[in-house]
Amino acid sequence: NMLHAIADYAYAWELWINPNGKLFWTNTASERVIGYTREECMAMPSVLDNIAHPEDRPRLQHALNHAIEARTSGQGFEFRANHQRGHWLWLVANWHPIYSTLGAYQGCRLSVMDCTESKNNQLALSQAFVDLQAVQQLSEVHLRQAERERARLTALFSALSIGMVLTDSANRIIYA
C-alpha cells in the first residue's frame, strides 16, 4: 500500500511493461499527463500505441521492444502523443529494467513526463535560427551588391575630370 501511495503521487506517469510487452501496471498520473484514467489505460491493448502519433509509433515500438529484449535503460526519448481531449502533446520517456529480489527479469519501468512547453520552445528556437540564417545570407548578398556598387561609383568619380565633394546632412565630408 505504501509503494502504491508513493507511485500514485509521483510527478511522472509511471508504467510497468511486462516481459511480453504488455502493460502490467500504471499509476494515476496517467490522467494528469494524457487524460486517461489508470483503469482506461489498463483496459487498452497497448496504451502507448493508442496515444502515440502515427509517425512516432514505429520508433517508439522499436525502442520499447529493444529495451525489453535487451533489458537496457534509456532516457530522453521524445514522442508525440494524443491527449484524451484530442490535442497533441510532447512526452519524454525514461526506462529501466525491473528485476525481482531473486534477480528474475520482470519487465521494464517507464517514467513519462509532458515536455510540450520545452519541445515547443526548442522548435521555435530552431525555426528562429533558420530564419536568422536566411536573413544573414540575404544581408551578405546585399552587402556584396553594395560593395560592388561602391567600387563602381568610386571608379566613376575617379574618372571624372572635375572635383567632387559629397557631404552628409551634418555637412561632414563623406567623399572627396
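## Close-up views of the predicted model

**Figure 1. The sulfur of Cys 115 lies 18 Å from the closest cysteine sulfur, that of Cys 41, which is too far for a bond.** The model shown here and in the further views is predicted. Cys 115 itself is buried, its relative accessible area being 11%. For Cys 108 the closest cysteine sulfur again belongs to Cys 41, at 16 Å, and this separation is likewise too far for a bond. With a relative accessibility of 1%, Cys 108 also counts as buried. The structure as a whole contains zero disulfides.

Figure 2. Leu 60, Ala 63, Leu 64, Ala 67 and Ile 68 are the buried residues of H5. An α-helix has 3.6 residues a turn, so residues three or four places apart point the same way. The exposed residues His 62 and Glu 69 are carried on the face of H5 turned away from the buried side. Just after the helix, Arg 71 adopts a positive phi of about 55 degrees.

**Figure 3. Strands and a helix cover the buried residues of H5.** The covering elements include strand E1 (13-17), helix H4 (47-51), strand E3 (74-82), strand E4 (88-99) and strand E5 (105-114).

**Figure 4. Strands E1 and E2 form a hairpin.** Strand E2 comprises residues 23-26; it runs antiparallel to E1 and is joined to E1 by three bridges. Trp 16 stands opposite Trp 25 of E2. Five residues separate the two strands, and in the turn Gly 21 has a positive phi of about 85 degrees.

**Figure 5. The largest nonpolar core contains 30 residues.** Within this core, the residues with the most contacts are Trp 13, Ile 34, Val 47, Leu 48, Phe 79, Leu 91 and Leu 110. At least two core residues are supplied by each of E1, helix H2 (29-34), H4, H5, E3, E4 and E5. H5 provides the largest share, with five residues.

**Figure 6. Ile 34 and its contacts beyond the neighbours within four places in sequence.** With those neighbours set aside, Ile 34 is in contact with Trp 13, Cys 41, Val 47, Ile 51, His 83, Gln 84 and Leu 91.

Technical notes. Residues are numbered from 1 along each chain as its sequence is written. This is a predicted model: local features need pLDDT of at least 70, side-chain atom pairs count only at pLDDT 80 or more; totals for chains, interfaces and linings use all residues. Side-chain values use heavy atoms; hydrogens and water are left out. A disulfide is a pair of cysteine sulfur atoms within 2.5 Å. Buried means under 20% relative accessible area, exposed over 50%, partly exposed in between (1.4 Å probe, protein chains only). Helices (H or I, at least four residues) and strands (E, at least two) are DSSP runs, numbered from the N terminus. Contact means heavy atoms within 4.5 Å. Two strands pair if DSSP finds at least two bridges between them. A nonpolar core is a set of buried Ala, Val, Leu, Ile, Met, Phe, Trp, Tyr and Cys residues joined through side-chain atoms within 4.5 Å.
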